Structures are given as C-alpha cells and as structure tokens.
Amino acid sequence: MPKISEKNPLPPCPATPNCIRTSEVYQTGLEMVYEAFIKVFDEESYRWEVIDLKRIELHAVYRIPVFGFKDDVDVIMEEADGTTTVFIRSASRVGAYDLGVNQRRVKRILKKAELKIKS
C-alpha cells in the first residue's frame, strides 16, 4: 500500500475500520494524472464530479453491489517540480466495518490510474 503523507489535506478517517486515507506520488505532470483518474472513475464509479478545478479535487460515489450502500472516494492532486501527488480517501457512509472494501478499492484505483498513465 502507498505510504501515508503527513500533509494529506483530506479529512482523517474515523476510528472505525471502514475508511482508508493515503497518498501516492507519480513522476509525471498533473494533466496526465488527472486524465487517468477521470478515466478510472468513468469506468467504475456510480457517479463523480470535479469539486475544485483550481487544486484538482474530485469526488466519486461507489455503490456496493447487492445492498446498494454508497461509499465516497475523494481525491486531491497537487503538482510540484514535475511530479504529482495524489491524496485519496475512501470511506463507507454507513456501518463500522467494510470487510476491506475501501482498502481494495483504493489499491485498485491507484493501480488502474498508474497503468493508464504509463500507456
């Protein structure tokens, strides 16, 4: 799993294990990273929106199959010196346990984004 940044601007996770908050650094510019995340969210989220274009803040909603529960995924991107740091947080709206769904989701999103950046 990617290392957790001390300066992560996203809200901290609650004490319950139904949330993950982490960051990843990509060795490329913001535009490529942004496009990769947009493609990932287009492919797999229930809906998504750009919250703040100045600092690139995205919000996506995922629906859990069968039960239809909604989970929120928030992403903030920052560029400096040709690298882009992505801060990502995935949290369940209801319940205290998610059976690892949020952690697997974040890992999958980051992996898919990286593959899209490289292609």
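**View A. Lysine 7 and its salt-bridge partner in the predicted model.** Lysine 7 counts as exposed, since its relative accessibility is 55%; the model shown here is predicted. The side chain of lysine 7 meets that of glutamate 78 in a salt bridge, with 3.2 Å from N to O. Because lysine 7 belongs to the segment before β1 (19-26) and glutamate 78 to strand β4, the pair ties together parts that are 71 residues apart in sequence. Glutamate 78 counts as partly exposed, at 29% relative accessibility.

**View B. A salt bridge between two helices.** Glutamate 44 and arginine 108 form a salt bridge in which the closest N and O atoms are 3.1 Å apart. Glutamate 44 lies in helix α1 (residues 30-44) and arginine 108 in helix α2 (residues 101-118), so this pair joins parts 64 residues apart in sequence. Glutamate 44 counts as buried, at 19% relative accessibility, whereas arginine 108 is partly exposed, at 35%. Both residues belong to a network of salt bridges that also links Glu43, Lys112 and Lys116. The whole structure contains nine salt bridges.

**View C. The nonpolar patch around phenylalanine 67.** Val66, Phe67, Phe69 and Val94 make a nonpolar surface patch of about 480 Å². Phenylalanine 67 is located in the loop between β3 (57-63) and β4 (70-80) and counts as exposed, with 63% relative accessibility.

**View D. The largest pocket.** The largest pocket holds about 220 Å³ of space. Its lining includes Phe67, Phe69 and Val94, together with residues such as Asp71, Tyr97 and Asp98. The lining residues divide into seven nonpolar, two polar and two charged.

How values were computed:
Residues numbered from 1 in each chain as written. Predicted model: local features only at pLDDT ≥ 70, side-chain atom pairs only at ≥ 80, totals over all residues. Heavy atoms only, no water. Patch = residues over 30% accessible without salt bridge, like charges linked within 9 Å, V, L, I, M, F, W, Y side chains within 5 Å. Areas by Shrake-Rupley, 256 points an atom, 1.4 Å probe, with all protein chains shown as cover. Salt bridge = Lys/Arg side-chain N within 4 Å of Asp/Glu carboxyl O. Helix = DSSP H or I, 4+ residues; strand = E, 2+ residues; numbered from the N terminus. Buried < 20%, exposed > 50% of the residue type's maximum accessible area, 1.4 Å probe, protein only. 1 Å grid on protein atoms, 1.4 Å probe; cavity = no way out; pocket = protein on both sides within 12 Å on 5 of 7 lines; lining within 4 Å. Points joined across faces, edges and corners; volume = space filled by probe spheres on them. Nonpolar A, V, L, I, M, F, W, Y, C, P; charged D, E, K, R; others polar.
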